Amino acid sequence: MHIQFAELPVFDQDRAKAFYTRHFACKVAADEKMGDSGWRWIELKFPGAVTNLHFVRRADDTPGAEPVLLLVDDDKATIAALKAGGVEIITEPQEAPWQPGRTVAEFRDSEGNRMVIGSQ
């Protein structure tokens, strides 16, 4: 068993899709029209991951106060690449208070979602 997708609230689907394909090398697993509203079913696949990322409609573009997802990667290298790409870094890599020995950092994606990235 596995989780097919995690939902991520977005305001602008194209902007979010561009952010994740550019900064995380995500591949488009699905991008299909949903009715007449202009909203699409978009799923992105992270390299090596089983769970996809699915965009759901966000009510507004107010930045999120709490982290939405925890991404596992080489956080220091990824944070350096995100910084170089102009992404807002909220907290630099530091030891996770809930798991000694694990390093985590936080950034904000194109949609204002607060995201955590951490080492294994």
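**Figure 1. Salt bridges of the predicted model.** Seven salt bridges are counted, a salt bridge being a side-chain nitrogen of Lys or Arg within 4 Å of a carboxyl oxygen of Asp or Glu. The model is predicted: local features need pLDDT of at least 70, side-chain atom pairs count only at pLDDT 80 or more, and totals for chains, interfaces and linings use all residues. Residues are numbered from 1 along each chain as its sequence is written, and side-chain values use heavy atoms, with hydrogens and water left out.

**Figure 2. Close-up of the Arg15–Glu111 salt bridge.** The N to O separation of the two side chains is 2.7 Å. Arg15 belongs to helix α1 (residues 13-24) and Glu111 to the loop between β7 (99-108) and β8 (114-118), so the pair ties together parts that are 96 residues apart in sequence. Helices (H or I, at least four residues) and strands (E, at least two) are DSSP runs, numbered from the N terminus. Arg15 is partly exposed at 37% relative accessibility, whereas Glu111 is buried at 3%; buried means under 20% relative accessible area, exposed over 50%, and partly exposed in between (1.4 Å probe, protein chains only).

**Figure 3. Close-up of the salt bridges at Asp31.** Lys17 meets Asp31 at 2.7 Å, N to O. Because Lys17 lies in helix α1 and Asp31 in strand β2 (residues 27-33), this pair links parts that are 14 residues apart in sequence. Lys17 is partly exposed at 21% relative accessibility, as is Asp31 at 24%. Arg40 also forms a salt bridge with Asp31 (2.6 Å, N to O), and Arg40 is buried at 19% relative accessibility. Through shared partners, salt bridges join Asp14, Lys17, Asp31 and Arg40 into one network.
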